[in-house]
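Look at the sequence and the model shown here, chain by chain. The report below goes through them in turn.

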Amino acid sequence: MKKRVGVFVCECGTNIAATVDTERVAEYAKTLPGVVYATNYKYMCSDPGQELIRNAIQEQNLEQVVVASCSPRMHENTFRKATATGGLNAYMMEMVNIREQNSWVTHDREQATRKAQSLVRMAVAKALRNRPLQAATVPITKKAMVIGGGIAGMQAALDIAEGGQQVVIVEREASIGGKMTQLDKTFPTMDCAA
Amino acid sequence: MVAAAQHPNIELMTYSEVTQVSGYIGNFKVTVKQKPKYVDWDACTGCGTCMEKCPTKKLADEFDFGMGKRTAIHKLFPQAVPGKPYIDAENCLKLTKDKCGICEKVCPTDSINFKDMAVFKEIEIGAIVMATGYDQFDWKSAYGEYGYGKYPDVISGLEFERLISAGGPTGGKIIRPSDGSEPKNIAFIKCVGSRDDTKGKSYCSRACCMYTAKHAYQVKTKIEDSEAYVFYMDVRTAGKNYEEFYQRALNAGAKYIRGRVSKIYPQGNKLILKSEDTLLGRQLEVEADMVVLATAMVPSTGAAELAKKIGFSVDKDGWFQEAHPKLQPVETFAAGVYLAGTCQGPKDIPDTVAQASGAAVKVLGLFSKTELATEPMTSEVDISKCSGCGLCVPICPYNALSLVEIKERGGHGHGPFTRQVAEVNSSLCQGCGACLPACRTLALNLKGFSNDQLVAEVDALCL
Amino acid sequence: MSIDIQAGWEPKIIVFACNWCSYAAADLAGLNHLEYAADIRIIRTPCSGRMDPMLVLRAFNRGVDGVLLSG
C-alpha cells in the first residue's frame, strides 16, 4: 500500500490560520506514512491554490490528495475537479474539515492545531485506502412539481414553463394565488396585487 | 395567476395535497391527493347558477376572515383560478343532512356529484420546488394585552388588506368591524409576534415595516381628517425605493411613535392604547377607533411534516432549511428539491419573486442535461464472500438489493451448480450503507466509506 | 460518585456523524462559531445506518473514551 499522498493545508485567509498553525500541520503531515508532499497555502480553493494541487500531482507523482480546509459539504466538488484535471481519478481525494469543525469552534491555538494534525492523520489513513470510482448515469424525468401556488409557486412555475419544461402546480386551496389574492395594492409601486 | 393557468406547459392541481414522496433527484414519485370538490370541473363552465341558488348563504367567508359571507357551494374568491366552484362538505345541507340538492337540479351541465371521492394520483417528476408560503402568527393566543381577539376592532394587517381591497367585503371602504362606521383614528402596532422572544418569534418578519407604511399612507389618503399612528421598535426599509416610500407615508402625515404598546382597552366605543414614547422618554395614551396589528409570519401549517416526507430539514423556527445561508439559498439538503419564497423564511414580494426565479433556474439547469451522473459511492457485493443469506435485502430502504442466482463451475468432485448471491442495483442505491452492518460475511462494502477506510480512521485517531 | 480527572488528561471522543444531518449540523455550529471542546473528532458517515457495531467496538478496543453516534 505504498501510495504517494500529497497533503494541502488551506489557511482560508485567517479563517483557519488565525487558530490553526497551518505550517505546523503541513510539517506534521510530512511525517505521516505515505505522505510524500505537504504544503500550506492562503486559499486552496482559488485558482492558484488549485493550480498548486494540479502541479504537485504531476511533479510529485501523487496518487492520493488530501485537502485540509473547509467542510467537504462546501468544496468537495471543487477539489474533486482539481484532482481530476490534475490527472487522477476524482475520488482519489479526501477532505479534512479544519474550518467548520475545528478553527471556528476552538479558541485555543495549540489545541486547534493538534486537532487539525490528528484529523489530517485520520484522513491520510483513509485516503491510502481510496480506490478510483466511476460515476454511473441515470435518466432525468423532465417534469417539475411546484408545491404551493402562491407568488413564489406561480413565478417558479412560469419561469420553468417558459424555459420549455413541463410543470405541475399542487395547491391545497381551490384556487392558485395564495396570500397575494388577499392583498390590496402592494409597496413600493402601489400596483394591484393580482 | 391567469398566465400560470393558461400556460400550455403548466398543469394545475388545485384543492390537492402531496401525501407521499419517494425517489431521488431526477426521478421522484409523488402521490397527490385530490380532495373531493363534488363538482366535475371538466364539465363545469363556472356559470355560477349553483352559487346563486344555494340556500346556505350566511357562512362566514374564511377568505375575508369572516367579514364577508359566502354560500356552501362557492369559489375561494370571485376571481379564483380555475374559476370553478366547489362544495364545502361540512356545511352543505345535502352532504350533511341529505336535504336540498338544489345545485344539482339547477346545474346546466350536470357537473354536481355528491358522491365525489378523494383521488390519489402518482406522478413521476424530476425536480420539486417548495413554495408553501407562510401563515399569520396566532396573536390571539399570545397577546393578552391586545385583548386576545376579544375586541372586534383590533384586527391583523391581512384583515385590513381585505378591508381596503376593492375586491373585499366592503368594496374597499375602511370600516370598523364592530359597528360598520368609518374609523378616523387608526393605530398600527408593528412587531406583533416578531422580534419578541417571550411571546412570539425571535426573528424579524421583514415585510411588516413596509406594509404598515403602506397602510398608514392609505389611511391618510383615503379617509379625510384621519390620523394614522404607527407604534414601532425600529423602521427597517432595506430595499430599493423602500426608504422613499416610508418618507411618502411620513409626508402624508402618518405619525410614527417609537415604543411598544403595553395595553389596549375599550372606553366607550373607542380603544385606548397605553404606550411610551422612548424618544421623548414619556408615557402616552392614544385614543383609536381601530387597531391594526402587523403580525409575524410563521411557517405554513403542515410545512414541517411535508419536509419530513420529502426528506429535508426545517430550522429552529420551522422554516425550510436551505443548504447554505449564503451560497445555496434555494437548495435543500435533498438534491433536486429547491426553495422559493417565504417557506424558507420571511420575505417580501420582490425577494420572493427573485428567489422563485432562482429556483426555476436550478430546475432548468438540471433539466438541461439528458442524464445525471450518480454518486458512485454505492454498495458493492463481493460474491466470493456472499453466502446468499438475504439478510441485507429487507434492510435496504431503497429496494436496491435483491438475490440473484449465479452459476458456479464446481470442482473438487462437484459438478456445476447454482447458488444465490446479493446484487446491488447501483442506480437505486443511495450509498447509505445500512446494508453493511447486516452482512455477516463482510461481503458487502460501501465504496468511498469502506470498512477498511473507517477502521483506518478510527485506528489513526487512537494513535 | 465523583470522578477524579487528572490534570492534563485529554479524553478521546469519536463522533460518527451522518453526512446529511449531524455532520451538516456540526458545520452549522461552526458557521455560528459555537465553541466546544477540542477533544472531539468527527468521522463522517454517509448515514447513521452505515454504523457497524464493529466500529464502535474497534474504537473502544483502541482506547477511545467515548463514542457518540448521531444521525
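## Chains A, B and C in a predicted model

Chain A of this predicted model has a secondary structure of six helices and nine strands. Its radius of gyration is 24 Å, whereas a compact globule of 194 residues would have one near 16 Å. Along the principal axes, the C-alpha trace of chain A spans about 70 × 40 × 30 Å. Of the contacts in chain A with a separation of 6 or more, 67% are between residues 24 or more positions apart.

Chain B comes to ten helices and 25 strands. Why is chain B described as more spread out than a compact globule? The globule rule gives 23 Å for 463 residues, but the radius of gyration of chain B is 30 Å, which is well over that value, so the chain is more spread out than a compact globule. The C-alpha atoms of chain B fill a box of roughly 105 × 70 × 40 Å along the principal axes. Among its contacts between residues at least 6 apart in sequence, 60% join residues at least 24 apart. For chain B, the mean positions of the 54 positive and 54 negative charges are 4 Å apart.

| Chain | Property | Value |
|---|---|---|
| Chain A | Buried residues | 61% of 194 residues |
| Chain B | Buried residues | 52% of 463 residues |
| Chain B | Accessible surface | about 21,300 Å², 50% from carbon and sulfur atoms |

One residue of chain B can be followed in detail. B:Ile25 sits in the loop that lies between strand S2 (16–24) and strand S3 (27–34) of chain B. Which residues does B:Ile25 contact, leaving aside its neighbours within four places in sequence? They are B:Gly126, B:Ala335, B:Gly336, B:Tyr338, B:Leu366 and B:Leu372. From B:Ile25 to B:Arg282 the distance is 59 Å, C-alpha to C-alpha, and the two are 257 residues apart in sequence.

Chain A also meets chain C. Here 17 residues of chain A are in contact with 20 residues of chain C. Between them the two chains bury about 1,700 Å², and 50% of this area is on carbon and sulfur atoms. On the chain C side, C:Asp27, C:Ala38 and C:Arg41 lose the most area to chain A, together 29% of what that side buries.

Terms used: Residues are numbered from 1 along each chain as its sequence is written. Chains are lettered from A and ligands numbered from 1 in the order in which they are written. This is a predicted model: local features need pLDDT of at least 70, side-chain atom pairs count only at pLDDT 80 or more; totals for chains, interfaces and linings use all residues. Side-chain values use heavy atoms; hydrogens and water are left out. Helices (H or I, at least four residues) and strands (E, at least two) are DSSP runs, numbered from the N terminus. The radius of gyration is taken over C-alpha atoms; the globule rule is 2.2 Å times the number of residues to the power 0.38. Buried means under 20% relative accessible area, exposed over 50%, partly exposed in between (1.4 Å probe, protein chains only). Contact means heavy atoms within 4.5 Å. Buried area is the accessible area (1.4 Å probe) that two parts lose on being put together, summed over both. Accessible areas come from the Shrake-Rupley method with a 1.4 Å probe; for residues, only the protein chains shown count as cover. Lys and Arg count as positive and Asp and Glu as negative; His and the chain ends are not counted. The place of a charge is taken as NZ of Lys, CZ of Arg, CG of Asp or CD of Glu.
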